[in-house]
Amino acid sequence: MTAVLRVPGLLCAAAALLLTASLAGCSSDGGGDKGDGDGGGVSAAKPDDFGCLTPEEAERASITFTSEDGSETGAYAPRGGSGAGIVLAHQSDGTACQWKDKADELSKAGYRVLAVNSTGPEVAEIIGAAGYLRDKGAEKLLLMGASKGGTAVLAAAPRLNPQPDAVVALSAPEQYSNMNAVAAVPQLTSPVLYMVGELDGDFGAEVKEMNEKSVKSSEHKLVYVRDESAHGVALLYDDTRWATVRGFLAKYGS
């Protein structure tokens, strides 16, 4: 009877040792939950909603790509498009959400859309976004930016090889931070559409100058909207102007 009574105690002690070893293997400093590069045990980071996406939209269309400088940058990339790739760059007071409605519309029209959520060097982000779309199979590439985003796409376009099939810049200042669009556009060979409102401060004069300096572009077009103060993306709230931009994109992205 004595021997029998000792057996459960021994089993419990052995189980306790096994449990302790198991827990030690799962501790944070043991690396058990970090995986080894094959995805095993790795929990995906929560998708970024950029302040406007539903959880379902974020899960489906929030992605990250690698900028030219090696940093990870977020973007809104609605699914469905299989044609030309288009990079959308937002204004200084915005996020990728600023382009969401237009991004969805362009995606439904067949474009591969990448609306960059800028947090770092803008030109490096645009170059990285262009590379991402080309790597995904986009045979044609379009860039469109508003305000500082317009400066970014103008500064980035001449650095791409090959240069994009077309560029659209809305209310773009000649310079923003360390970006110098007015110095870049003389080297731009891509077709470019500039749009600006007459009453939008100094932007009108600066956009006019950049249009004049775009001497190597196969087409450089200026839409100068009289008696208009709308800035950047807001210019496209007008259906006629949006149709003009859509027509320009289709001309070079089809």
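In the protein chain, 73% of the contacts between residues at least 6 apart in sequence join residues at least 24 apart. The model is a predicted one. Its protein chain has 8 helices and 10 strands. Of the 254 residues in the chain, 45% count as buried.

- Helix α7 spans residues 203–213, and its buried residues are Gly-204, Val-207, Met-210 and Asn-211.
- These residues cover an arc of only 130° around the axis, which puts them on the same side of α7.
- Ala-205 and Glu-212 are exposed, and they sit on the face of α7 turned away from its buried side.

**Helices α3 and α8**

- Helix α3 covers residues 100–108, and helix α8 covers residues 239–253.
- Their axes come within 13 Å and cross at roughly 45°.
- Angles under 35 degrees count as roughly parallel, and 65 to 115 as roughly perpendicular. The two helices, α3 and α8, are therefore oblique to each other.
- Is the crossing of α3 and α8 left-handed or right-handed? The crossing is right-handed.
- On the α3 side, Lys-102, Glu-105 and Leu-106 make the contact.

**Leu-133 in helix α4**

- Where is Leu-133? Leu-133 lies in helix α4, which runs over residues 122–135.
- Its relative accessible area is 3%. Buried means under 20%, so Leu-133 counts as buried.
- Which residues does Leu-133 touch, not counting residues up to four places away in sequence? They are Gly-85, Ile-86, Val-87, Arg-112, Leu-114, Ala-138 and Leu-141.
- Leu-133 and Phe-65 are 68 residues apart along the chain, and their C-alpha atoms are separated by 9.8 Å.

How values were computed:
Residues are numbered from 1 along each chain as its sequence is written. This is a predicted model: local features need pLDDT of at least 70, side-chain atom pairs count only at pLDDT 80 or more; totals for chains, interfaces and linings use all residues. Side-chain values use heavy atoms; hydrogens and water are left out. Axes are lines fitted to C-alpha atoms, for helices over the stretch in contact, and angles run from 0 to 180 degrees between N-to-C directions. Helices (H or I, at least four residues) and strands (E, at least two) are DSSP runs, numbered from the N terminus. Angles under 35 degrees count as roughly parallel, over 145 as roughly antiparallel, 65 to 115 as roughly perpendicular and the rest as oblique. A crossing is left-handed if the near helix is turned anticlockwise from the far one by less than a right angle, and right-handed if clockwise. Contact means heavy atoms within 4.5 Å. Buried means under 20% relative accessible area, exposed over 50%, partly exposed in between (1.4 Å probe, protein chains only). The arc is that of the directions from the helix axis to the C-beta atoms.
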